[in-house]
Amino acid sequence: MSLRRLQTWLTGPRLLTLGIVFALAWSLSRVDWQQPIGHTGGGAAALQVLLALFPPELSPEFLRICVVSSWHTLAYAVAGMSLAVALGLPLGVLASGVLAQSADGSGARRWTLMASVRFLLAAMRSVHELVWALLFVAAVGLSPMAAILAMAIPYAGILGRIYAEQLQDVPAEPVAALRTTGASSAHVLLYGYIPMALPDLLSYTFYRLECGIRAAAIMSFVGIDGIGFQIELSLADLLFRQVWTLLIFLVALVVAVDWWSSRVRRSMAY
Amino acid sequence: MTATGVRLRRAGEQFAVAKPLVAIDSASKVYGTNRGLAPLSLAINAGERVALVGPSGSGKTTLLRLLAGALVPDQGPRSVIINGKSPGELKPGRELASLVGIVSQRFDLVPHLPVLHNVLAGRLGHWSLARSVLSLVWPMERRAAQQALARVGIADKINERPGRLSGGEQQRVAIARMMMQSPLVILADEPVASLDPARAEEVMELLVGLVSLDMGHGNGDDGSSQRTLIASLHTASLIRRHFTRVIGLRESRVQFDLPAGELDDAVLDELYDLGDDNGDVEPLAGLAARDG
């Protein structure tokens with residue numbers, strides 16, 4: 001009787017919880033507790049890094065370096081994103097299938113097109129921008145173009161995928177109403193899908209621009225100038241005060257883009 | 001009679017037979033296991049103002065969408081003929097736009113575009129893609145859109161977003177869009193269902209006004225200024241006042257077909273008395289099928 005009770009009690013979620021608890025206990029038992037987990041001088045080093053924040057490096061010469069390198073990082077991010085939007089929007093439109101929609105159901109050609117574009121987008125974004133950067137450096141050498149292309153390709157893959165979903169989520173009724181005015185699919189895209197999806201499209205593009213700034217900052221190792229390159233230099237010299245200043249500039253850039261994006265979105269409220 | 005008219009047209013003969021403008025030749029539509037419309041034949045002449053009445057699921061919306069070319073009958077597109085053409089066969093463009101247009105219960109405006117562009121959207125079937133792109137930046141035919149909005153009494157709302165307008169005002173925008181489209185046959189799917197009685201009366205007057213209105217764009221190769229209105233609605237008083245003919249549908253069959261003046265409340269009550277029948281429900285499949 002009690003076994004029967006145990007059987008009904010041990011259903012899916014509870015069984016899973018038990019399994020996870022056992023796995024956790026087992027993994028803890030495998031840890032070698034004799035070795036210290038952190039590295040011994042870590043505490044002192046962390047304190048040293050933290051104290052460098054008071055105050056960060058604020059000399060005029062260094063601030064000028066910060067402004068110039070922030071400008072370069074922003075320029076790379078904007079260039080990469082522009083290329084990514086130019087690639088991602090048409091691919092997203094194709095992947096959404098809204099252009100090939102007929103009045104009555106859908107055909108095999110539409111499905112094939114959507115599936116192949118979706119596959120292309122997945123391939124583009126499944127390789128990280130740093131790996132793309134390595135490939136492009138091997139192909140075209142250390143150049144800004146390599147960094148911009150390396151960013152544009154995976155970002156276009158991400159944008160295209162999200163754009164496609166945002167276009168598909170547009171309410172169906174206004175679109176159907178446009179079709180009954182004799183409008184073609186391209187017309188309906190322009191007067192229905194794009195306007196209705198635009199706030200979402202823009203919002204996501206701005207978010208990706210923030211990510212793009214972050215990505216541009218760490219592209220320094222392929223030889224482009226920018227905040228990342230400066231951080232690398234300062235770190236190599238253990239100048240943590242300079243590192244803090246550069247990080248503050250990086251955060252300021254991202255916050256500025258966020259502020260810009262919320263202003264644009266507010267102006268589009270309907 | 002309907003079949004004869006269609007056959008004559010198919011043969012391309014030019015006899016002066018009183019051919020119906022709209023000819024439905026036993027068209028039906030089945031969605032999965034649900035019957036949207038049982039085989040139905042109907043002939044409607046130019047200039048008629050036809051009210052479709054019937055309970056939800058009786059096939060009114062399906063019928064209107066077949067006429068609009070948004071659905072294709074199971075028998076093939078040629079079982080719905082309007083002015084010699086089959087809306088289901090026409091590609092998007094001027095010919096379809098000039099043939100038939102539809103206004104629906106929820107107006108279906110694009111909330112993110114100003115009223116001006118929603119009204120100009122009625123011209124999309126007539127415009128090239130380049131012209132449509134340009135118009136988003138620099139509105140084409142602005143004067144005509146202004147006139148259409150003035151005619152429906154909301155000229156001052158031209159730059160508003162539709163979301164800020166009341167239901168009655170939104171329906172006026174949809175009617176102004178229909179004026180810009182200027183089709184031969186105007187379809188309306190419960191155009192007044194979400195409006196109060198006073199607003200419903202005004203909107204109905206505007207819709208009926210479209211039938212005899214010269215919208216200034218011509219009707220392509222047709223040349224006739226006499227339009228035809230086919231609308232679904234439920235209010236007997238509106239039907240008697242504004243329509244010439246009333247067709248009662250029940251379980252997607254024609255229950256009665258009367259001059260609108262002869263519609264009395266008893267006939268209507270009987271039509272709507274469904275008892276405990278819970279048969280065919282109009283499915284929401286497809287683009288925007290719904291029924292109030």
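In this predicted model, L3(A), L6(A), W9(A), L18(A) and F22(A) make a nonpolar surface patch of about 550 Å². Patch residues have over 30% relative accessible area and no salt bridge, and nonpolar side chains (Val, Leu, Ile, Met, Phe, Trp, Tyr) are joined within 5 Å. A salt bridge puts a side-chain nitrogen of Lys or Arg within 4 Å of a carboxyl oxygen of Asp or Glu. Areas follow the Shrake-Rupley method with a 1.4 Å probe; for residues, only the protein chains shown count as cover.

Helices α1 (2-9) and α2 (12-30) of chain A each supply at least two patch residues. The largest share, 3 residues, comes from α1(A). L6(A) sits in that helix. Helices (H or I, at least four residues) and strands (E, at least two) are DSSP runs, numbered from the N terminus.

Burial has these cut-offs: buried is under 20% relative accessible area, exposed over 50%, partly exposed in between (1.4 Å probe, protein chains only).

| Residue | Relative accessible area | Class |
|---|---|---|
| L6(A) | 44% | partly exposed |
| C66(A) | 0% | buried |
| C211(A) | 5% | buried |

The whole structure has 0 disulfides over all chains, counting cysteine sulfur pairs within 2.5 Å.

Chain B has 10 helices and 9 strands. Of its 292 residues, 57% count as buried. Chain B exposes about 11900 Å², and carbon and sulfur atoms supply 50% of that area.

Residues are numbered from 1 along each chain as its sequence is written. Local features need pLDDT of at least 70, and side-chain atom pairs count only at pLDDT 80 or more.

How values were computed: Chains lettered and ligands numbered in written order. Heavy atoms only, no water. Patch = residues over 30% accessible without salt bridge, like charges linked within 9 Å, V, L, I, M, F, W, Y side chains within 5 Å.
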